[in-house]
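Visitor: I am new to this structure and would like to know what stands behind the words used for it. Please show it to me, and I will ask about the terms one at a time.

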Amino acid sequence: MPKTKPGLAICIPTYRRPGLLRRLLGDLSKQTVWPEQLIIVDGDPSSHHARAVAESAGFDVSCVTYVPSNHANLPFQRYLGWRAAAGQRWIVYLDDDLRVPDKDALEKLILPLETLPGEIAGVTARIEFPNRPVARASIDGSSRAVSLLGALVHRFGSAHETQAGGLTPVGYRKPPADTGEPYATTQWLRGGVMAFDRNALDEQCFGERLFALAEIRAGLGEDTIISTKAALRGRLLLAWHVLFLHPDDDSPKAYAFEGYQAGWAHAYSRRLINDSYRGFEPATWADRAALVKHYLGKNLLNLRQCYLCPGWKTWNFASGYAWGSVWGLFRPPNASRLAPGVDWQRDAADCLRRATLVVREPAWR
């Protein structure tokens, strides 16, 4: 029989995926530990689908909190979950389209937070994509371009001097060395699975610029930004022996994934990552130089790809990336420019005021 872990909250931001949400909750019901609080932050509350799933959750969590979000915005939904988990010791963020194959995954994920309080700020896990080809093409449709980009970045980019488990000023994450130990130190967390000491997060770890960027569907790297700031309060770990699956059963909801808008979002989001690379400190000239070098190299590779594989997909992505690079250099993300008229704190207060404890059907029915 699973045991409830006092002080543990699980937050699942969701948007128009009731079937996948129900499947994930089914996996969580089989875990060796259950959270004291389950928080479902719904980006589409008018449909009532996610609330219906929450009401029929098949495991006896003592507190199920349903938060209707007035923005289908992943970092904003994570922020609502963090505030709704007030009083808890740990918060685990899970994407709504994951599968959890191992019954002790949650227990192993939070173990460092529990055993090393105050020392560990966050833990992430391995995420595998079973339905993707091993050499999957990039968003511009070219696996060849991916391999070439990786080689050039390794040789000439900031990743060349980045240690295993490190992070570059433009957001490339270098995997930690697999030494056979269950946990490895990193400077980043994977967005699909992020477990935090709740005290390692605060208002500044989120921020209105991050919300505004996601509001225009360009919020790639929000997990990197949040975890980089949390890392100032403790170490980050990757749990090698904890596995989650991402079956790709639905297209991304949080950002554009093809065409001009995808290219623009991929380029422009690098600027906010670059701004946040040193946590709460401003970016250095070296950080800005890394951003310029990245933009130059990536745009040259995009042009090369357009020459090798001409077509509207490659040209759209390349042109979007080029214009996003211009914005990244000369029009940095600004909340009032990207989402004018939005009062994020007022909206958050409204969402939390409408949050409810869900009355669920008994599991034995």
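Visitor: How many disulfides does a search of the whole structure find?

Guide: The search finds 0 disulfides. The term stands for a pair of cysteine sulfur atoms within 2.5 Å. Cys306 is in no disulfide, since the nearest cysteine sulfur, that of Cys309, is 9.2 Å away, and the cut-off is 2.5 Å. A word on the source: this is a predicted model, in which local features need pLDDT of at least 70 and side-chain atom pairs count only at pLDDT 80 or more, while totals for chains, interfaces and linings use all residues. Residues are numbered from 1 along each chain as its sequence is written, and side-chain values use heavy atoms, with hydrogens and water left out.

Visitor: Why is Cys306 called buried?

Guide: Buried means under 20% relative accessible area, exposed means over 50%, and partly exposed is in between, with a 1.4 Å probe and protein chains only. Cys306 has a relative accessible area of 2%, so the residue is buried. Cys351 is also called buried, because its value is 0%.

Visitor: What makes Arg217 partly exposed?

Guide: Arg217 has 36% relative accessibility and therefore counts as partly exposed. Arg217 lies in the loop between helix 6 (208-215) and helix 7 (222-230), and has a positive phi of about 60° although it is not a glycine. Asp248, with a relative accessible area of 28%, is therefore partly exposed. Asp248 is in the loop between strand 8 and helix 8 (259-276), and its phi, near 60°, is a positive value in a residue other than glycine.

Visitor: How do you know that the span of helix 9 agrees with its number of residues?

Guide: Helices (H or I, at least four residues) and strands (E, at least two) are DSSP runs, numbered from the N terminus. The expected span of a helix is 1.5 Å times one less than its number of residues. Helix 9 (residues 285-308) has 24 residues and should span 34 Å; its end C-alpha atoms are 35 Å apart, so the two values agree. Among the buried residues of helix 9 are Asp287, His294, Tyr295 and Cys306.

Visitor: What makes strand 6 and strand 9 the edges of the sheet?

Guide: Two strands pair if DSSP finds at least two bridges between them. The open sheet has 9 strands in the order 6-8-5-7-4-1-2-3-9, with mixed pairing. Strand 6 (183-186) and strand 9 (356-357) each have a single partner strand, so one side of each is left without a neighbour in the sheet.

Visitor: How do you know that strand 5 pairs with strand 7?

Guide: There are 2 bridges between strand 5 and strand 7 (residues 193-197), which run antiparallel, and the definition asks for at least two, so they pair. Gly122 has Phe196 as its bridge partner in strand 7. Strand 5 (residues 120-128) is mostly covered, with 7 of its 9 residues buried.

Visitor: Which bridge partner does Thr4 have in strand 2?

Guide: The partner is Trp34. Strand 1 (residues 3-14) and strand 2 (residues 33-42) run parallel and are joined by 9 bridges.
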